[in-house]
Amino acid sequence: MIKLRFVSGKSLLSTIIRDFTWSPFSHVEIEVPDCGYLGSVTTDGVQLRSFDYDKGKFKAELFGIVECDDDVTTKVLDFAKSQIGKPYDKSAILGLLLHRDICNSDAWVCSELVAASF
């Protein structure tokens, strides 16, 4: 089982992302059991952060469960962990605004990281 955390931030960038994606959420990350949340954010790219790293930062959150066997869970988490340290893909956000694919293959936005992990 994989647990995903969808959140909605209070920042202008969060609002822009929600508006352009027609989503109530602007960020997604993977819960790593007994460790924290693994995701990519603008400030420091792909990191594993403590469960309380965002006290007061988000205004809404929703958890989703992806049912899968232990082998798939391990592969998803291993891939996501292997990306720790890679930068945030700011060009992908610009591409979202311009409706162009100008993603950086060596960097991630949160949703790209989650999708690639699966």
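Residues are numbered from 1 along each chain as its sequence is written, and side-chain values use heavy atoms, with hydrogens and water left out. Because the model is predicted, local features need pLDDT of at least 70 and side-chain atom pairs count only at pLDDT 80 or more, whereas totals for chains, interfaces and linings use all residues.

Start with the sheet. Five strands make up an open sheet in the order E4-E3-E2-E1-E5, with antiparallel pairing. Strands here are DSSP runs of E with at least two residues, helices are runs of H or I with at least four, and both are numbered from the N terminus; two strands pair if DSSP finds at least two bridges between them. Strand E4 (45-49) and strand E5 (58-66) sit at the edges, each pairing on one side only. From one strand to the next, the twist averages 25°, with axes taken as lines fitted to C-alpha atoms (for helices, over the stretch in contact) and angles running from 0 to 180 degrees between N-to-C directions.

At the E4 end, strand E3 (residues 36-41) runs antiparallel to E4 and is joined to it by 5 bridges. E3 and E4 form a hairpin, with 3 residues between them. Ser40 has Val46 as its bridge partner in E4, while Gly39 is partnered there by Gln47.

Helix H4 (residues 110-117) lies across strand E1 (2-9), strand E2 (27-32), E3 and E4, and runs at about 45° to E2. Val28 is found in strand E2. Setting aside residues up to four places away in sequence, Val28 touches Leu4, Arg5, Phe6, Cys110, Ser111 and Val114, where contact means heavy atoms within 4.5 Å. Val28 and Leu4 are 24 residues apart in sequence, yet 6.8 Å apart in space, C-alpha to C-alpha. Val28 has a relative accessible area of 7%, so it counts as buried (under 20%; exposed is over 50% and partly exposed in between, with a 1.4 Å probe and protein chains only).

The largest nonpolar core has 14 residues, of which Ile2, Leu4, Ile30 and Leu38 touch the most other members. Such a core is a set of buried Ala, Val, Leu, Ile, Met, Phe, Trp, Tyr and Cys residues joined through side-chain atoms within 4.5 Å. E1, E2, helix H2 (70-82) and H4 each supply at least two residues of this core. Ile2, leaving out neighbours within four places in sequence, is in contact with residues including Ile30, Val66, Val76, Leu77 and Phe118.
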